[in-house]
Every structure is written in C-alpha cells, then in structure tokens.
Amino acid sequence: MNIKVTIVLLSLSTILFMGLYFFFNPSYQKSLQAKYYYEMSEYDEAYSHAKEAFGLDSYNRMAATIMAQSLISLKYVKYINEAKKYMKQIDEIVNKEKIEDSDKAKIRLICEIMKSSYIKLAPSVVTDKELVESAAYYHTGFEQLLEKING
C-alpha cells in the first residue's frame, strides 16, 4: 500500500511541477496569449505573440504550431480580401453599358490570378472552416466567371 501512495504522490507532484512551469514560463504565457488571439480570429496578433514566444523558446511546440496556423489563416484572409476587391472591380466593369474586349481580357486575367492563388492555399485540420468555405465560394465564382468569358 505504501508503494501505491508513493507513486500517486510522485505523479501528482510531477503534474504540479509541469503545470507551474507551463504557467510561469514567459514563452508559454505568450503562447497562451497567441492561442487566445487565434481563437478570436485575430491572426496578426496571434502570429506576433507566437513568434515572440518561439523566439524565447525554440522548443515551444505550441508557439510553433500557432505561428504556422496563423500564417495559413492569414493567407486565407488575404485571398478573401483580394477576391472581394476583384469582384467589386468586375462588378464595375459588368455594369458598364458596353463591355470592351479589353475589359473581358482584364476579367479573364483577374480570374486566372485568383484561380492560381487559390491552388496555393492549403488548409490544415484546425483552419477556420468559415475561412476555407469563403475562399472556396470565391474560387467557384471566379471559375464560373472564367467559363462564361471563355465560352
């Protein structure tokens, strides 16, 4: 019975030590802040805090993971923002009385750029589903638009 109590106490003290280390280590504190910002969809802040945490401790896997995930999410945000901007430009062109061949070429070029940009995106398991779905929505829109212009 004495050995069982010793093993339990040793296990609990190890867990307590690990928890205190995690709580008081500045690198892991920054990692927790980064995780919070990532969960709040503030990817710039998350990346900044994760990078700082990783700089303090290059063995901090939590910081490395959040930094990588933030970069992936930032790429999606950039794609979506560019897609919105380009769709607005395309709407302005389409609303003209007469669409010139140069306008069609511009739309074709925009669609090709956005299609190739989408191919470079690679979601991970934890990438926000809304970001992935929104990017896919715009990608589909650009593909359909390109088909209409080419066909």
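**Figure 1. Surroundings of tyrosine 138 in the predicted model.** When neighbours within four places in sequence are left aside, tyrosine 138 is in contact with Tyr79, Ile80, Ala83, Lys84 and Met87. The model shown here and in the other views is predicted.

Figure 2. With 22 residues, H6 reaches 31 Å from its first C-alpha to its last, which is close to the 32 Å expected at 1.5 Å a residue. The residues Leu131, Ala135, Tyr138, His139, Phe142, Leu145, Leu146 and Ile149 of this helix are buried; seen down the axis of H6, the buried residues fall within an arc of 125 degrees, and they therefore line one face of the helix. The cover over these buried residues includes H3, H4 and H5, whereas the face turned away from the buried side of H6 carries the exposed residues Lys129, Glu130, Glu133, Tyr137, Glu147 and Lys148.

**Figure 3. The N-terminal end of H6.** Aspartate 128 caps this end of the helix, with a side-chain oxygen that lies 3.2 Å from the backbone nitrogen of glutamate 130. Glutamate 130 itself is among the exposed residues of H6.

**Figure 4. Salt bridges involving helix H2.** The structure holds three salt bridges, and in one of them lysine 30 pairs with glutamate 52, the closest N and O atoms being 3.5 Å apart. Because lysine 30 lies in helix H2 (residues 26–39) and glutamate 52 in helix H3 (residues 43–56), this pair ties together parts that are 22 residues apart in sequence. Glutamate 52 is partly exposed, at a relative accessible area of 39%. A further salt bridge joins glutamate 39 to lysine 35, where the closest N and O atoms are 3.0 Å apart; these residues are four apart in helix H2 and are thus separated by about one helical turn. Lysine 35 is likewise partly exposed, with a relative accessible area of 36%.

**Figure 5. The salt bridge between lysine 96 and aspartate 103.** The side chains of lysine 96 and aspartate 103 meet at 3.5 Å, N to O. Lysine 96 counts as partly exposed at 42% relative accessibility, while aspartate 103, at 9%, counts as buried.

Note on methods. Residues are numbered from 1 along each chain as its sequence is written. This is a predicted model: local features need pLDDT of at least 70, side-chain atom pairs count only at pLDDT 80 or more; totals for chains, interfaces and linings use all residues. Side-chain values use heavy atoms; hydrogens and water are left out. A salt bridge is a side-chain nitrogen of Lys or Arg within 4 Å of a carboxyl oxygen of Asp or Glu. Helices (H or I, at least four residues) and strands (E, at least two) are DSSP runs, numbered from the N terminus. Buried means under 20% relative accessible area, exposed over 50%, partly exposed in between (1.4 Å probe, protein chains only). Contact means heavy atoms within 4.5 Å. The expected span of a helix is 1.5 Å times one less than its number of residues. The arc is that of the directions from the helix axis to the C-beta atoms. A polar contact is a pair of N or O atoms within 3.5 Å; within protein, one must be able to donate a hydrogen and the other to accept it, and residues adjacent in sequence count only if both atoms are side-chain atoms.
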